[in-house]
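Student: I have a new structure to read. Please show me how to go about it.

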Amino acid sequence: MITGDGAYIKKINRSYILTEIFEHHKISRADLSKITGLNKATVSVQVNDLLDETLIYETQEEHNTVGRRPILLSINEKVAYFLGIDLDREYILFNITDLKGNTVNYEKVDLQTDVYEEVVKVIAEHIKKYQLEYADARYGLVHSMIAIHGTVSTDHTIHFIPRYQWRDKDLLGDLKKLGIDNISVENNANLSAYAEKIFNYYKSDNLLNINLSSGIGAGIMINGELHKGFHGHAGEMGHMIIYPKGKPCRCGNEGCWERYASEPIFFENANKRLDAKIENHSDIKRLLNKGNQEVMEELNNWIADLTIGLNNVINLYNPEMIVLNSPILKSYPQALEEMKKHLLSSVSQYRDIVISGLGAKAGVVGACAMGIQDFLELPRLTLSKTNNSIII
Ligand SMILES: [Zn+2]
């Protein structure tokens, strides 16, 4: 039996009502009562509170039929803003969304340094700038979250960022010293997995998001929750050994998955073989469009190694959705078909494999969405991705 005092029950009712308003975009008081099972008086009291707090507003559907148009309730997106920060190497992405998760502002800042103290200063300066910019909104800039391309420990400190070679950094503590509050850190692959669920695959509670970049990292959602592991470091799948006594890895082992299937490895292999130098993803596209057989073969070899790891991961998690976040796969139309050719084991079960549409923005929009869910204390959240297609 679930028991609780009045304030606690009220809080739960409020979060359910808000969740339904998010899901339906526009909904009447009567439908809220029907869907949540709460009586009309309870719904009415809660709705009045939410109207007072300006978190929602009343609107009327335009239609031509005779009769009274019902008053509908919708989320008031302009009262609160959320900042997602992607601390990548050489640049930082700042992405601001409103309360509905629509991107309203976006900035890419090139970094001239990788010295920790200087990067912290750049982050602090930008957060302060955005706090001022959104100060007129009722709740202002509510929360900032930094996506880390490395391991984040359960005590919210950074354990290791390979690209910067930063170890054991208390980034939140150091930002606090510069006057920055309401900020958190999270692993980028975790935020990407969360973003895919919130913006694209709302119904998938068992979802794996695998980021193929300079390494391979995964965000794992099990039964709708992020699985982080004992230290908070779960998802370092790039260090799964796929070739015993294979290529040496920076982690100290040999034959790790990311030594064969991360994106830089494809470029390395292709450039060894081809006369024309491939430097970026548009070079791959261009050569594929010309029907270059060597590029296609190199891609297929790379995909074969990618699927060895995928096969292992599928057997471990039996995921519903596997989302692969990789610009190379995005530039190769046959990628999914090629991959599925290698995933023929009768034991390996998954519902679908897709390539991420959020791409490099997944981490920052995930960070903003997590801020929204925490701010409103929602049990679950779904957001529309309509305004999140800004190309980086
Ligand atoms: Zn390794």
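Tutor: We take the metal site, then the cysteines, then a helix. This is a predicted model, in which local features need pLDDT of at least 70 and side-chain atom pairs count only at pLDDT 80 or more, while totals for chains, interfaces and linings use all residues. Residues are numbered from 1 along each chain as its sequence is written, and side-chain values use heavy atoms, with hydrogens and water left out.

Student: Which residues are the protein donors of the zinc ion?

Tutor: Donors are N, O and S atoms within 2.8 Å of the metal (3.2 Å for Na, K and Ca); water is not among the atoms, so sites may look incomplete. Here they are His239 (ND1), Cys249 (SG), Cys251 (SG) and Cys256 (SG), at 2.1 to 2.4 Å from the zinc ion. Their spacing in sequence is H-x9-C-x1-C-x4-C.

Student: Why is the arrangement around the zinc ion tetrahedral?

Tutor: Ideal angles are 109.5 degrees for four tetrahedral donors. Four donors count as tetrahedral if all angles lie between 85 and 135 degrees. The 4 donor atoms here subtend angles of 103 to 125°, so the arrangement is tetrahedral.

Student: Is Cys256 buried or exposed?

Tutor: Buried means under 20% relative accessible area, exposed over 50%, and partly exposed in between (1.4 Å probe, protein chains only). Cys256 is buried at 0%, and Cys249 is buried at 10%, whereas Cys251, at 38%, is partly exposed.

Student: How many disulfides does the structure hold?

Tutor: A disulfide is a pair of cysteine sulfur atoms within 2.5 Å. The structure holds 0.

Student: What follows helix H1?

Tutor: Helices (H or I, at least four residues) are DSSP runs, numbered from the N terminus. After H1 comes His25, with a positive phi near 65°.

How values were computed
Tetrahedral: all angles 85-135°; square planar, octahedral: opposite > 155°, others 65-115°. Helix = DSSP H or I, 4+ residues; strand = E, 2+ residues; numbered from the N terminus.
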